Amino acid sequence: MTIKLYNTLTQHKDDFTPIDPSQVTMYVCGPTVYNYVHIGNARPVVIFDVLYRLLKRNYPNVKYARNLTDVDDKINKAAAENNESIKVLSSRFVDAFHADMAQLNTLAPDLEPRATDNIDAMIEMIQTLINKGHAYESAGNVLFQVSTDANYGKLSKRNLDEMIAGKRVEVESYKKDAGDFILWKPSTDDLPGWDSPWGRGRPGWHIECSAMINKHLGKTIDIHCGGQDLIFPHHENEIAQGTCCHDNGSENFVNYWMHNGYITMNGEKMAKSVGNFFTVRELLDKFPGEVLRFALLTAHYRSPLDWSEETLLQAKASLDRLYGALRGAPIDANDIEHAKIDAVEQFIKDDLATPQALSVLHALAGDANKTEGEEKLLFQKALRRAASYLGLLTLNADEWFRWQPASSNASDGLGAEQIEALIEERLQARKDKDFARSDEIRDELKEQGVTLEDSKDGTRWTRS
RNA sequence: GGCGCGAUAGCAAAGCGGUUAUGCACUGGAUUGCAAAUCCACGUAGGCCGGUUCGACUCCGGCUCGCGCCUCCA
């Protein structure tokens, strides 16, 4: 089966046909690095990591770029408040972002261009847009003139008349039309700025993505991803910039636009401005990154996903079952083939149908639990391999069941040696038929968050 | 006002015009010294009203409710 992707441009699930199968290009809008990312910010990173892995399995070369917006008014403001440079501030949060995303087992992009490293490309694109009559200077700003782009609105399905009729658009005096947007704006001495043909200033938000795509990936790319809230105006404006700077603007800027739905809290969009969010960082202090990743994959990526403690606990319970089926299984499973692995691949190829892919994982876990020996091993490896397509089940079962938050000190609770010693003592008690003492030890450990399970292979312990 | 999305069993969440989604929870059984884990069994759910059809959760229309974008936002 070919890969099918829902394309916001066509509003259909379309067969994916790359421009050049020997070099597939994808771009994901990355974070503005002025504080820690929340779980809603992590959704596109995880979802499109699944897409990246899928493309890599199906094409020899995939070039995946994800930008870092490291100059922006919110960054400027935060840096000024901290009395530090935007470079120092943004670098700190870039590091935090990388660390958080690594915990979610996302692969690093092939390219991670920073806005401040690509100012030249932006200035060049803006100049081209001016030369072609798509942009104008006004009161120190350079603005894109939306009325010069006949295709404006094709992604978000809006037209200029509606835009202008929209009561929420404030018409600034320096704009020719209400929908015109900033490409370049002047910086005062206390703000970060770069020299340009229009004086010292800084780029508008939308230009960085268009310019960096052009510079690093090409004139037209295969796939561009981001959250649904970026469809308008950000991606619409990217298209305007990216097409109008070339030829007559008739070529596609991006062939497949993919947008993920929101993470919600009690049904309402999670947003920094609303304040109803959990940072990835704080969640990682309570749950392994894999629980967050699993939770993000339980719903289809275009649907809203309501986030709560219950969401995490259910993801944890599902992973406990899957890892339970992997006890004793090797990590390496690349040599295995199985129909259910193919089934997982087919589901992912069908517009990233992760909930269905996960159901196959559960089926494999059941298969492994019902069998023994070589047959069991085969199912375990199949489960491991199928899960790897989703970036899941990368740990040994014991590592999983004994996970503790990074913030917990070795002095907190019991160490492995103490636990093992108590298990030895309990084993002797059981041999002596001293079940009172045996159960006492088990209860004591339970209070410390350690669960004992007796099996014919001996007693094993897990942390809850 | 314009554009768009959703409503599935106790919870979460899918596909599908007519055969079990799946996981968790619950109940019974097997197993266990007792547990845990595991296995087996167990749920006709699809907002409301019409229509199309031999047959609709699944297509069409209307309604109700919820949400989103149009301003920074993943």
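User: What share of the residues in chain A is buried, and how should I read that word?

Analyst: A residue is called buried when its relative accessible area is under 20%, exposed when it is over 50%, and partly exposed in between (1.4 Å probe, protein chains only). In chain A, 51% of the 464 residues are buried. Keep in mind that this is a predicted model, where local features need pLDDT of at least 70, side-chain atom pairs count only at pLDDT 80 or more, and totals for chains, interfaces and linings use all residues. Residues are numbered from 1 along each chain as its sequence is written, chains are lettered from A and ligands numbered from 1 in the order in which they are written, and side-chain values use heavy atoms, with hydrogens and water left out.

User: Thanks! How many helices and strands does chain A have?

Analyst: Helices (H or I, at least four residues) and strands (E, at least two) are DSSP runs, numbered from the N terminus. Chain A has 16 helices and 15 strands. Along its principal axes, the C-alpha trace spans about 90 × 55 × 35 Å.

User: What part of the contacts in chain A joins residues 24 or more positions apart?

Analyst: Contact means heavy atoms within 4.5 Å. Counting contacts in chain A with a separation of 6 or more, 76% are between residues 24 or more positions apart. Gln 404 sits in the loop between helix H14 (397-401) and H15, and it counts as partly exposed because its relative accessibility is 34%.

User: How do I read the packing of two helices, and at what angle do H12 and H13 pack?

Analyst: Two packed helices are described by the angle between their axes and by the distance between the axes. The axes are lines fitted to C-alpha atoms, for helices over the stretch in contact, and angles run from 0 to 180 degrees between N-to-C directions. Angles under 35 degrees count as roughly parallel, over 145 as roughly antiparallel, 65 to 115 as roughly perpendicular and the rest as oblique. Here, H12 (residues 354-370) and H13 (residues 373-388) pack at about 160°, with axes 8 Å apart. So H12 is roughly antiparallel to H13. Among the contact residues are Leu 361, Leu 364 and Ala 368 of H12 and Phe 379, Leu 383 and Ala 386 of H13.

User: Which classes of residue make up that contact of H12 with H13?

Analyst: For classes, Ala, Val, Leu, Ile, Met, Phe, Trp, Tyr, Cys and Pro count as nonpolar, Asp, Glu, Lys and Arg as charged, and the others, Gly among them, as polar. The contact of H12 with H13 has nine nonpolar, two polar and two charged residues.

User: At what angle do the axes of H11 and H12 cross?

Analyst: Those axes cross at roughly 170° and come within 8 Å. H11 and H12 are therefore roughly antiparallel to each other. In H11, residues including Ala 343, Val 344 and Phe 347 meet residues of H12, including Val 360, Leu 361 and Leu 364. By class, this contact of H11 with H12 divides into nine nonpolar, one polar and two charged residues.

User: Is Glu 345 buried or exposed?

Analyst: Glu 345, in helix H11 (residues 339-349), is buried because its relative accessible area is 9%. A polar contact is a pair of N or O atoms within 3.5 Å; within protein, one must be able to donate a hydrogen and the other to accept it, and residues adjacent in sequence count only if both atoms are side-chain atoms. The side chain of Glu 345 makes one with the side chain of Arg 57, at 2.7 Å. Leaving out residues up to four places away in sequence, Glu 345 touches Leu 54, Arg 57, Asn 58 and Tyr 389.

User: What does the side chain of Arg 293 reach?

Analyst: That side chain reaches the backbone oxygen of Leu 104 at 2.9 Å. Arg 293 belongs to helix H9 (residues 289-298) and counts as buried, at 0% relative accessibility.

User: Where does Ala 139 lie, and is it buried or exposed?

Analyst: Ala 139 lies in the loop between strand S5 (135-138) and strand S6 (141-144), and it is exposed, with a relative accessible area of 65%. Its phi is positive, about 50°, although Ala 139 is not a glycine.
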